[in-house]
Amino acid sequence: DSASNGFSFKGIKDYLECYRSGKLTPSQVAKNIIATLEDCDKSTPPLRAIVQWNQEQIMLMAEASTARYRNKCTLSYLDGIPVCLKEEFKVVPYHHRAGTVYLGTEPETEDATVAKKLREAGAVIIGVSNMHELGTGTTGCNPNRYHKIPRNPYKPNHFTGGSSSGSAAAVAAGLCPVAIGTDGGGSVRIPASFCGVVGLKGTFGRISSHGSLPLSYSTVSVGPICTSVADAAVVYSILAGPDPLYLYGLKQPKASLSDMCAPDLKGLKLGVDWTFFKACDAEVLSICEKAVEHLQSLGASVVEVSLPEMEEVRVAHVICILSEMRDFLQPDFNKHFQDMNLDTRANLALASQFTALDYITANRQRTRTMKFLQEIFTTVNCILTPAVACTAPRIYESDHLTGSSDFSFTARSMRFMQLGNFTGIPGLVVPIGYSTAGLPISFQVMAKWWDEAVLLRIGLKLEQFRSHTKKPSIYYDILA
């Protein structure tokens, strides 16, 4: 439970209090959400966070949850909680478009594993959320007819970040306290950072990605975007674990939340590579340095570490993710080239220039980097960095027509993200403040493989650093 000054987002706990006290039922909340979704689509500019929703489906799940509360037989902490899933996941009965106009021509008949688990936990799926086409960018800019550009709830003329753009916008705008995204190059953590909410990328394989489009099989992890670290822990504890349909996560150790609520950070060693840490905008750096001091004041010790070969990591990660996407999307590139956004074409065309030799060399780099990290994690519990080197960029008129392609921005936005995707270690981003323009700034903590518990422990303490929470300019209070 975190006391905050002024505005506070409505999280899982607020919904549960309403349901348990009888103040509201999941059915009443669902009606509020449906009215809000209609309003979002009509507003100027439209929010475009949720791109497919179905009134009947939402009410069915909500009514079943209302009956469980009445009979005192709820299924989990997520019973009756509104959630959305990125369009990259199969969710019955929606179209599995993954941000395109040409995929998912028929409604889906089978759920992805995470959708199935959310249903089993009693969550109310309010729809599928917008995303950057095929996950190929970090702005969330998707000008095609089914999607349009999702708006940053803090500044509607700025991007949300991508590629889980609609998921972060939905949470920040109050449509739902929980959204699920995928992260192959920061795609959960960048939008969560730009929209001022919490994003967790699990260890590679920790949460099953069965039933999501297998765009890049070696870099993508699944994770929740939530209003608080505690909520991310709840969702993580429900979704983590082996799935017989997803081979990469079969041998994982049991997920735990041990010591998450420890009163301080005594005994923890936090690694910082200051040269790497400082490669960000001055405003971002200044607040992130203060956040490090805050963690120190809670008893953690800060240890200088050296993250070697970060430029090689950056290039190798790009080669891996783009080569795998190009491999998977080869038939689409040939057959649906004209249907793709311009930036998707550019990225896939770039990917076609990589050779088998490049891919093999990049994977050798991965082995080296994982070895370096193994050694670093014998001396520290985690690695600290800013989340994104800059704040959310502006949306220009031309972006609505042609989309947006800025390779230098893409590289900057992914700078602190790629290490986690390339090596599979988990990462958590937590909002810690705002720029002078009022855009959110976030902080990142990464830990060794399977040690999400330490991230959540530090994340809870990071939340106390932000002196006040600003209300987004687009915000719907579903419980009001």
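Predicted model: local features only at pLDDT ≥ 70, side-chain atom pairs only at ≥ 80, totals over all residues.

Although Ala98 is not a glycine, its phi is positive, at about 50°.

Leu134 likewise has a positive phi, of about 55°, without being a glycine. Its place is in the loop between β3 and α5. Leu134 has a relative accessible area of 0% and is therefore buried. Most residues other than glycine have a negative phi, and most peptide bonds are trans.

## Cis peptide bonds

Where does the chain contain cis peptide bonds? One joins Thr44 and Pro45, with omega of about -10°. Pro45 is found in the loop that runs between α2 (26-42) and β1 (50-52).

Another cis peptide bond joins Gly162 and Ser163, and here omega is about 10°. Ser163 belongs to the loop between β3 (124-129) and α5 (165-172).

Helix α2 has 17 residues and reaches 24 Å from its first C-alpha to its last, close to the 24 Å expected at 1.5 Å a residue. Its buried residues are Pro26, Ser27, Val29, Ala30, Ile33, Ile34, Thr36, Leu37 and Cys40. The elements that cover these buried residues include α1 (12-21), β1, α3, β2 and β3.

Ala64 has its place in helix α3 (residues 55-70). With a relative accessible area of 36%, Ala64 is partly exposed, because this value falls between the 20% limit for buried and the 50% limit for exposed residues. Ala64 and Pro26 are 38 residues apart in sequence, and their C-alpha atoms are 8.7 Å apart in space.

Helix α9 (residues 282-297) has 16 residues, and the distance from its first C-alpha to its last is 23 Å, close to the 22 Å expected at 1.5 Å a residue. Buried in α9 are Val284, Leu285, Ile287, Cys288, Ala291, Val292, His294 and Leu295. Just after this helix, Gly299 takes a positive phi of about 105°.

## Strand β6 and Ser221

Ser221 has its place in strand β6 (residues 221-226). The residue is buried, because its relative accessible area is 2%. When neighbours within four places in sequence are left aside, Ser221 is in contact with Gly181, Thr182, Asp183, Lys201, Gly202, Thr203 and Phe204.

Ser221 can also be placed relative to Thr423: the two are 202 residues apart in sequence, but 11 Å apart in space from C-alpha to C-alpha.

## Nonpolar cores

The largest nonpolar core has 139 residues, of which Leu175, Ile180, Leu384 and Phe443 touch the most other members. Apart from that core lies another, of twelve residues, among them Leu213, Met325, Phe333 and Met340.

## The second largest pocket

Rolling a probe the size of a water molecule over the atoms shows where empty space is left. The second largest pocket has a volume of about 590 Å³. Its lining comprises 39 residues, of which Thr136, Leu322, Asn347, Thr410 and Met414 lie nearest its centre.

Which element gives the most to the lining of the second largest pocket? It is α10, with eight residues. Each of β4 (178-183), α10, α11 (342-351) and α14 (407-414) supplies at least two residues of this lining.

## The annotated span

The unreviewed UniProt entry lists residues 35-456 as "domain: Amidase". In the model, residues 35-456 are 38% helix and 14% strand, and the end C-alpha atoms of the span lie 34 Å apart.

Key. Residues numbered from 1 in each chain as written. Heavy atoms only, no water. UniProt positions renumbered as here; feature names shortened; annotations may be inferred. Helix = DSSP H or I, 4+ residues; strand = E, 2+ residues; numbered from the N terminus. Buried < 20%, exposed > 50% of the residue type's maximum accessible area, 1.4 Å probe, protein only. Core = buried A, V, L, I, M, F, W, Y, C linked by side-chain atoms within 4.5 Å. 1 Å grid on protein atoms, 1.4 Å probe; cavity = no way out; pocket = protein on both sides within 12 Å on 5 of 7 lines; lining within 4 Å. Points joined across faces, edges and corners; volume = space filled by probe spheres on them. Expected span 1.5 Å × (residues − 1). Contact = heavy atoms within 4.5 Å.
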